[in-house]
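User: Hi! I'm new to this one and would like a friendly walk through it. Could you put it up?

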Amino acid sequence: MGAIEVLIEMQRSVVSPNVISFSAAISACDRAGQWVQALALLAAALAAGLEPDVFAFSAAISACSTAGLGQAAVKLLNEMQGWELRTSTHSALHP
């Protein structure tokens, strides 16, 4: 089961996707070269009322950059700078 399918299944079940699960799925899309899906997942996280973390934005920026979409990557970077970002709670650097 792929990352997107896991998120869909989470939405159908009692478990609600959180920023960590969205970030992981966006990162998986980045690694798979699926920049459209990465951006769609970032938009879905925002629409769900979740505050994106640095990992979500970084993965989406990487997906755009890898796809040769420099302007989209810069736009996301500018958007990211408008948020007060924190790393996820399980990060060793920021407990």
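User: What covers the buried residues of α2?
Analyst: The cover includes α1 (3-12), α3 (35-47) and α4 (54-66), counting contact as heavy atoms within 4.5 Å. Helices here are DSSP runs (H or I, at least four residues) numbered from the N terminus, and strands are E runs of at least two. Buried means under 20% relative accessible area, exposed over 50%, and partly exposed in between, with a 1.4 Å probe and protein chains only. This is a predicted model, where local features need pLDDT of at least 70, side-chain atom pairs count only at pLDDT 80 or more, and totals for chains, interfaces and linings use all residues. Residues are numbered from 1 along each chain as its sequence is written, and side-chain values use heavy atoms, with hydrogens and water left out.

User: Which residues of α2 are buried?
Analyst: They are Ser 21, Phe 22, Ser 23, Ala 25, Ile 26, Cys 29 and Asp 30.

User: What caps the N-terminal end of α2?
Analyst: Asn 18 does, with a side-chain oxygen 3.0 Å from the backbone nitrogen of Ile 20. Just after α2, Gly 33 has a positive phi of about 75 degrees.

User: Let's zoom out. How many helices and strands are in the protein chain?
Analyst: The chain has 5 helices and 0 strands, in the order α-α-α-α-α along the sequence. Of its 95 residues, 31% are buried. Among contacts between residues at least 6 apart in sequence, 55% join residues at least 24 apart.

User: One more: is Val 74 buried or partly exposed?
Analyst: Val 74 counts as partly exposed because its relative accessible area is 47%. Val 74 sits in helix α5 (residues 70-81). From C-alpha to C-alpha, Val 74 is 9.1 Å from Cys 64, and the two are 10 residues apart in sequence.

Conventions: Polar contact = N/O pair within 3.5 Å; in protein donor to acceptor, adjacent residues only side chain to side chain.
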